[in-house]
Amino acid sequence: MMHTITARDLMVSNLVTLSPDMEVIDALNVLLKRRISGAPVVDEDRQFLGIFSEKSCMRFVVDATYDGLPSSNLMSFVDASPPVIGAETDLLTIAQTFLDAACRRLPVLDDYGRLLGQISRRDIMGAFYEHMKQVQREPAVTGLYLSALMESTERPV
């Protein structure tokens with residue numbers, strides 16, 4: 001059943017993360033070299049601080065264009081309050097969160113705000129696809145109802 005699939009089952013925990021002390025241009029280079037659209041920013045204790053994404057990079061480009069030399073402090077361009085989920089969040093809630101928030105990834109945090117992993121929209125698509133393949137393989141339940149074996153005058157109600 002899809003309600004029993006949780007973030008813990010789907011999350012990727014081996015993530016590229018960024019340090020809050022990085023320069024923006026170095027973080028941008030990490031995204032480009034790794035061919036990823038964003039990465040969580042965590043401190044040395046894995047405390048989640050936010051997401052640096054392609055959108056963050058666009059803010060940097062605009063600032064650089066207008067201001068000449070914008071702040072190079074990564075945290076100035078990090079989304080510090082993106083939607084996040086817990087490890088026990090179910091698949092349907094995760095999918096609804098993606099719809100409501102229009103984001104590409106959801107950080108999975110523990111009760112203390114530390115990063116456990118991340119789920120992408122593609123992870124949800126894959127889990128749903130696998131679930132539907134399984135449902136289609138299961139044979140339909142067939143059988144006679146007791147009422148089919150009785151005469152119409154003998155059936156209760």
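## A loop serine and a helix pair

Leaving aside residues up to four places away in sequence, Ser37 touches Leu31, Ser53, Glu54, Arg104 and Arg105. Keep in mind that this is a predicted model. Ser37 lies in the loop that runs between helix 2 and strand 1 (38–42). Its side chain makes a polar contact with the side chain of Arg105, at 2.4 Å.

Now to the helices. The axes of helix 2 (residues 24–34) and helix 3 (residues 54–67) come within 11 Å of each other and cross at roughly 140 degrees. The two helices are therefore oblique to each other, and their crossing is left-handed. On the helix 2 side, the contact is made by Val24, Ile25, Leu28 and Leu31, while helix 3 brings Glu54, Cys57 and Phe60.

Cys57, placed in helix 3, is worth a look of its own. Not counting residues up to four places away in sequence, Cys57 touches Leu28, Leu31 and Phe52. The C-alpha atoms of Cys57 and Leu31 are separated by 9.7 Å, with the two residues 26 apart along the chain.

How accessible are Ser37 and Cys57? The table gives the values.

| Residue | Relative accessibility | Class |
|---|---|---|
| Ser37 | 17% | buried |
| Cys57 | 7% | buried |

Ser37 counts as buried because its 17% is under the 20% cut-off, and Cys57 counts as buried because its 7% is under 20% too.

Note on methods
Residues are numbered from 1 along each chain as its sequence is written. This is a predicted model: local features need pLDDT of at least 70, side-chain atom pairs count only at pLDDT 80 or more; totals for chains, interfaces and linings use all residues. Side-chain values use heavy atoms; hydrogens and water are left out. Axes are lines fitted to C-alpha atoms, for helices over the stretch in contact, and angles run from 0 to 180 degrees between N-to-C directions. Helices (H or I, at least four residues) and strands (E, at least two) are DSSP runs, numbered from the N terminus. Angles under 35 degrees count as roughly parallel, over 145 as roughly antiparallel, 65 to 115 as roughly perpendicular and the rest as oblique. A crossing is left-handed if the near helix is turned anticlockwise from the far one by less than a right angle, and right-handed if clockwise. Contact means heavy atoms within 4.5 Å. Buried means under 20% relative accessible area, exposed over 50%, partly exposed in between (1.4 Å probe, protein chains only). A polar contact is a pair of N or O atoms within 3.5 Å; within protein, one must be able to donate a hydrogen and the other to accept it, and residues adjacent in sequence count only if both atoms are side-chain atoms.
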